[in-house]
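Here is a colleague's note to read beside the model, written as numbered points. Please keep the structure open and find each residue as it is named.

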Amino acid sequence: MIQERRNRYFKAVQDQSLSFIFSGRAPQKSADQNYPFSVNRQFYYLSHIDQQNVCLVLAKGEGKEDTYLFIETIDPVKALWDGAGLTFEEASKQADIPLENVRDIQTLNLFVSQLLSTSRRALYGQIKQFI
């Protein structure tokens, strides 16, 4: 079902394009507390991941479509306070994305700079969230 949704999305966008869909973050309530997290519904529709600070990248070339997922690595100390997030393997299985295409969110800027070239015709998403 997720693959079908992404296939429909890929048919709707131009060749040589990149799409960035961010899961969102919980707003900060105080110095040590956040409001409850609610995932971006467009992100969830294409990934089935309900976790904050995750980015789905959909790259469409001429005759080729790739999907990448960028998530935070599990920090044992943070997990004590916020609960454990998904491992790369769990995220790969849940989102139906090959494990080699699930990467650390810290590498997103480098990944984007390597992907962008003059051959790209369209860019989708709210880029200001990633810069």
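1. Helices (H or I, at least four residues) and strands (E, at least two) are taken here as DSSP runs, numbered from the N terminus. With that in hand, the elements of the protein chain can be read from the N terminus on as α-β-β-β-α-β-β-α-α-β-α-β, which comes to five helices and seven strands. Please bear in mind throughout that this is a predicted model.

2. Some totals describe the chain as a whole. The protein chain has 131 residues, and buried residues make up 38% of them. Among contacts between residues at least 6 apart in sequence, 62% join residues at least 24 apart.

3. Which residues touch the most other members of the largest nonpolar core? In this core of 16 residues, they are Phe43, Ile49, Leu56, Leu69 and Ala91. The elements that give two or more residues to this core are helix 2 (41–47), strand 4 (55–60), strand 5 (65–71) and helix 4 (88–95). Apart from this core lies another one, of 13 residues, which includes Phe20, Tyr68, Phe111 and Leu115.

4. Ala91 deserves a look of its own. If residues up to four places away in sequence are not counted, Ala91 touches Ile49, Leu69, Ile71, Leu86 and Val102.

5. Is strand 1 enclosed or open? Six of the six residues of strand 1 are buried, so this strand is largely enclosed by the rest of the structure.

6. Next come the charged pairs. Side chains of opposite charge can pair when their charged atoms come close. The count of salt bridges comes to two. In one of them, the side chains of Lys60 and Asp15 meet at 3.6 Å, N to O. Because Lys60 lies in strand 4 and Asp15 in the loop between helix 1 (2–12) and strand 1 (17–22), the pair ties together parts that are 45 residues apart in sequence. The two partners may also be compared by their cover: Lys60 counts as buried, at 9% relative accessibility, whereas Asp15, at 31%, counts as partly exposed. Lys64 and Asp66 form a salt bridge too, and their closest N and O atoms are 3.6 Å apart.

7. Where does Glu62 lie? Glu62 is found in the loop between strand 4 and strand 5, and with a relative accessibility of 56% this residue counts as exposed. Although Glu62 and Gln16 are 46 residues apart along the chain, their C-alpha atoms are separated by 6.4 Å.

8. The last point concerns the surface, where Val77, Leu80 and Trp81 form a nonpolar patch that has, together, about 450 Å² of accessible area. Trp81 lies in helix 3, which covers residues 76–82. Why does Trp81 count as exposed? The cut-off for that word is over 50% relative accessible area, and Trp81 has a relative accessible area of 75%.

Methods: Residues numbered from 1 in each chain as written. Predicted model: local features only at pLDDT ≥ 70, side-chain atom pairs only at ≥ 80, totals over all residues. Heavy atoms only, no water. Core = buried A, V, L, I, M, F, W, Y, C linked by side-chain atoms within 4.5 Å. Buried < 20%, exposed > 50% of the residue type's maximum accessible area, 1.4 Å probe, protein only. Contact = heavy atoms within 4.5 Å. Salt bridge = Lys/Arg side-chain N within 4 Å of Asp/Glu carboxyl O. Patch = residues over 30% accessible without salt bridge, like charges linked within 9 Å, V, L, I, M, F, W, Y side chains within 5 Å. Areas by Shrake-Rupley, 256 points an atom, 1.4 Å probe, with all protein chains shown as cover.
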